[in-house]
Amino acid sequence: GDSVTQMEGPVTLSEEAFLTINCTYTATGYPSLFWYVQYPGEGLQLLLKATKADDKGSNKGFEATYRKETTSFHLEKGSVQVSDSAVYFCARRGTGGFKTIFGAGTRLFVKA
Amino acid sequence: AAGVIQSPRHLIKEKRETATLKCYPIPRHDTVYWYQQGPGQDPQFLISFYEKMQSDKGSIPDRFSAQQFSDYHSELNMSSLELGDSALYFCAATRLGSGELFFGEGSRLTVL
């Protein structure tokens, strides 16, 4: 079935470090791919998305590229800030389009 | 801009009681999803509605039911509550085909 696998956390980085959070998805069709972020005590909010192969989504300094050949959608940021501390969820549209399937989430801690 | 509104934000119930959660989507967003997020867990898809009809069903227990009304708001009814039902329940809304989910801030249910 449809699934998303992302790297386990927590990930702890110092401010201004480079961030990569790996995400791979099951290759059922060509689903839209998303990264959502959940700040403490809040709901999930969309960070970025890509709808077709080789698309690059970007927002707030974060980027992710839709790689069909490796079925991956890794999240990157060149210089993290303390305010980026949150849980990051990779997600894909389910086959049939009526649900979004989430990975297990990766908690990021950024130290000053 | 108006967002997805959920109520109540916090709810405390005893075992075997019932609870009802409400979700008011963004105007013109005709598809509503319910997710359950346990402590430290990823959001698990429960059920979705499109144009007041159930469109997909996930891991929703038989003790739970949901519906979408003519004004597109949705209610999740939970009966015979168990300790394991304690979680954050998110409602999300989208326009069919969009793929991007807009989440409410969640309703936190605690079952004692």
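Modeller: Buried means under 20% relative accessible area, exposed means over 50%, and partly exposed is in between (1.4 Å probe, protein chains only). This is a predicted model: local features need pLDDT of at least 70, side-chain atom pairs count only at pLDDT 80 or more, and totals for chains, interfaces and linings use all residues. Residues are numbered from 1 along each chain as its sequence is written, chains are lettered from A and ligands numbered from 1 in the order in which they are written, and side-chain values use heavy atoms, leaving out hydrogens and water.

Colleague: Is Glu63(A) buried, partly exposed or exposed?

Modeller: Glu63(A) forms a salt bridge with Lys56(A), the closest N and O atoms being 3.6 Å apart; the term asks for a side-chain nitrogen of Lys or Arg within 4 Å of a carboxyl oxygen of Asp or Glu. The relative accessible area of Glu63(A) is 34%, so this residue is partly exposed.

Colleague: Are Lys77(A) and Asp84(A) buried or exposed?

Modeller: These residues form a salt bridge, with closest N and O atoms 2.8 Å apart. Lys77(A) has a relative accessible area of 9% and Asp84(A) has 6%. By the cut-off of under 20%, Lys77(A) and Asp84(A) are therefore both buried.

Colleague: How many residues does chain B give to the contact with chain A?

Modeller: Contact means heavy atoms within 4.5 Å. Chain A gives 18 residues, and the count for chain B is 23 residues.

Colleague: What area is buried between chain A and chain B?

Modeller: Buried area is the accessible area (1.4 Å probe) that two parts lose on being put together, summed over both. Carbon and sulfur atoms give 56% of the area here, and the total is about 1600 Å².

Colleague: Which side chains meet in a salt bridge between chain A and chain B?

Modeller: The count between the two chains is one salt bridge. Its N to O distance is 3.8 Å, and its partners are Glu100(B) and Lys49(A).

Colleague: Which elements give two or more residues to the side of chain A that touches chain B?

Modeller: Strands (E, at least two residues) are DSSP runs, numbered from the N terminus. The elements of chain A are strand E5 (33–38), strand E6 (44–50), strand E10 (86–93) and strand E11 (100–102).

Colleague: Is the pair of Phe62(A) and Tyr88(A) stacked, tilted or edge-to-face?

Modeller: Rings of Phe, Tyr and Trp (its six-membered ring) pair if their centres lie within 6.5 Å; planes under 30 degrees apart count as stacked, over 60 as edge-to-face and the rest as tilted. The whole structure has 14 aromatic pairs over all chains. With centres 5.5 Å apart and 40 degrees between the planes, the pair of Phe62(A) and Tyr88(A) is tilted.

Colleague: How far apart in sequence are the parts that this pair ties together?

Modeller: Phe62(A) lies in strand E8 (residues 62–65) of chain A and Tyr88(A) in strand E10, so the parts tied together are apart by 26 residues.

Colleague: What kind of pair do Phe89(A) and Phe102(A) form?

Modeller: Phe62(A) and Tyr88(A) are both buried. For Phe89(A) and Phe102(A), the centres are 6.3 Å apart and the planes stand at 90 degrees, so the pair is edge-to-face.

Colleague: Where is Asp54(A)?

Modeller: Asp54(A) is not a glycine, yet it has a positive phi of about 75 degrees. With a relative accessible area of 55%, Asp54(A) is exposed. Its place is in the loop between E6 and strand E7 (56–59) of chain A.

Terms used:
Helices (H or I, at least four residues) and strands (E, at least two) are DSSP runs, numbered from the N terminus.
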